[in-house]
Amino acid sequence: MTSNYTVTVLGLGAMGLPMASRLASQLTVHGFDIAEPRVRLAEEAGVKTFASARDAAQDTDALLLAVRNSEQLDDVLFGGNGVAAVLKPGAVVILTSTVGTEAIPSTVARLAEYGVGLVDAPLSGGPKRAGEGDLLIVVGAEPAALETARPVLELLASTLTVVGDKPGDGQALKTVNQLLCGIHIAAAAEAMALADALGLDQAKTLAALEAGAAGSFMLSNRGPRILEAYSEEGAEVLSRLDIFVKDMGIVGKATRSAGLATPVAAAAEQLYLLGQAHGLAAADDSAVIKVVAPTKRTTGEG
């Protein structure tokens, strides 16, 4: 099935480029980005690049989208230079972003006018794991659309979970996932701030916590970057803080709609909002520790 299979990746940024590179190892990959350096890197990885998103989307079997929010999703597909109109009937749009469930029904309906299906496939894992095909992807899609998207999904995911047969199911599960992730990052930041306030070496504290019952993926993943937050250049930006402003906003909207009280998630959301208000929107989300503790107290190894 994959010998003549073409996938288009729009946006060759922190996640788009490693995904395109991974896909190019076995599939024909078209790519587009407005940043020329990213285009050159993609070409070096075997991606065929184009001068416009519309050109890149022509004659493709699947269109992989990683957008910031539902407004950007709508613009990329249906705006003045939207690509939906040039997709061939039978193609699928694979949405890898967290945009919430509200935007999905109208997107499905508008794509159907072109004979195109939507595969709701938000992912987790970060750039390194994207390049290794080690992502967690949760999928909501009609069976026929899912089968069309499988060559892409199976190359990118080490864990591929089909949670339902309609678009929106993936967004629902990812909302639950982001509730936990947002809380865990905030909790890790609070823990490291407390260690500092108590005069403990933060690096040693982190190592001890990772080895015990308090350990978690987010503690191990964000912990080292949390310890870099106070340096002059800060931690490398692998996940922007304002992404969790967006995602925790989606969580809050979903919980209110369900009539469900989630006070811990709401408190975490306020930390990210405060971080954004204090100029940390473009910083790595580990910088949320600077909301809890604006300055570092100790000067030990941590």
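This is a predicted model: local features need pLDDT of at least 70, side-chain atom pairs count only at pLDDT 80 or more; totals for chains, interfaces and linings use all residues.
# Helices, salt bridges and a buried aspartate

At 0% relative accessibility, Asp-285 counts as buried. Where does Asp-285 lie? It is found in the loop between helix 12, residues 263-277, and helix 13, residues 289-292. Which residues does Asp-285 touch, if we leave out those up to four places away in sequence? They are Ile-185, Arg-222, Arg-225, Ser-239, Arg-240, Leu-241 and Phe-244.

Two of these contacts, Arg-222 and Arg-225, bring us to helix 10. In that helix Met-218, Leu-219, Arg-222, Gly-223, Arg-225, Ile-226 and Leu-227 are buried. What covers them? The cover includes helix 8, helix 9, helix 11, which spans 241-257, and helix 13.

Let us look at one of these neighbours, helix 9. The axes of helix 9 and helix 10, the latter being residues 217-227, come within 10 Å and cross at roughly 175 degrees. Because angles over 145 degrees count as roughly antiparallel, helix 9 is roughly antiparallel to helix 10. On the side of helix 9, the contact is made by Gln-202, Ala-203, Leu-206, Leu-209 and Glu-210. Helix 10 contributes Leu-219, Ser-220, Gly-223, Pro-224 and Leu-227.

Helix 4, residues 70-78, and helix 5, residues 104-112, pack at an angle of about 5 degrees, and their axes are 11 Å apart. Are these two helices parallel or antiparallel to each other? They are roughly parallel, because an angle under 35 degrees counts as such. From helix 4, Leu-73, Asp-74, Leu-77 and Phe-78 take part in the contact, and they meet Thr-107, Arg-110 and Leu-111 of helix 5.

I turn now to charged side chains. Side chains of opposite charge can pair when their charged atoms come close. How many salt bridges are there in this model? The count comes to 14, and I shall describe some of them.

In one of them, the side chains of Lys-88 and Asp-61 meet at 3.2 Å, N to O. Lys-88 lies in the loop between helix 4 and strand 5, whereas Asp-61 lies in the loop between helix 3 and strand 4, so the pair ties together parts that are 27 residues apart in sequence. Lys-88 counts as partly exposed, at 31% relative accessibility, while Asp-61 counts as buried, at 18%.

Another salt bridge joins Glu-132 and Lys-128, whose closest N and O atoms are 2.8 Å apart. Both residues belong to helix 6, residues 126-132, and because they are four residues apart, about one helical turn separates them. Glu-132 is partly exposed, with a relative accessible area of 43%, and Lys-128 is exposed, with 62%.

Asp-134 forms a salt bridge with Arg-129, and here the closest N and O atoms are 3.4 Å apart. Both partners count as partly exposed: Asp-134 has a relative accessible area of 28%, and Arg-129 has 25%. Finally, Arg-68, Arg-240 and Asp-242 are linked in a network of salt bridges.

Some points on loops remain. Most residues other than glycine have a negative phi. Asp-59 is not a glycine, yet its phi is positive, at about 55 degrees. This residue is found in the loop between helix 3 and strand 4, and it is exposed, with a relative accessible area of 58%.

Ser-52 is found in the loop between strand 3, residues 48-49, and helix 3. With a relative accessible area of 23%, Ser-52 is partly exposed.

Let me close with the surface. Which residues make a nonpolar surface patch of about 300 Å²? They are Leu-194, Leu-198 and Leu-200. Leu-198 lies in the loop between helix 8, 169-197, and helix 9, 202-210. At 59% relative accessibility, Leu-198 counts as exposed, whereas Asp-285, with which I began, counts as buried at 0%.

Methods: Residues are numbered from 1 along each chain as its sequence is written. Side-chain values use heavy atoms; hydrogens and water are left out. Patches are made of residues with over 30% relative accessible area and no salt bridge: like charges are joined within 9 Å, nonpolar side chains (Val, Leu, Ile, Met, Phe, Trp, Tyr) within 5 Å. Accessible areas come from the Shrake-Rupley method with a 1.4 Å probe; for residues, only the protein chains shown count as cover. A salt bridge is a side-chain nitrogen of Lys or Arg within 4 Å of a carboxyl oxygen of Asp or Glu. Buried means under 20% relative accessible area, exposed over 50%, partly exposed in between (1.4 Å probe, protein chains only). Axes are lines fitted to C-alpha atoms, for helices over the stretch in contact, and angles run from 0 to 180 degrees between N-to-C directions. Angles under 35 degrees count as roughly parallel, over 145 as roughly antiparallel, 65 to 115 as roughly perpendicular and the rest as oblique. Contact means heavy atoms within 4.5 Å.
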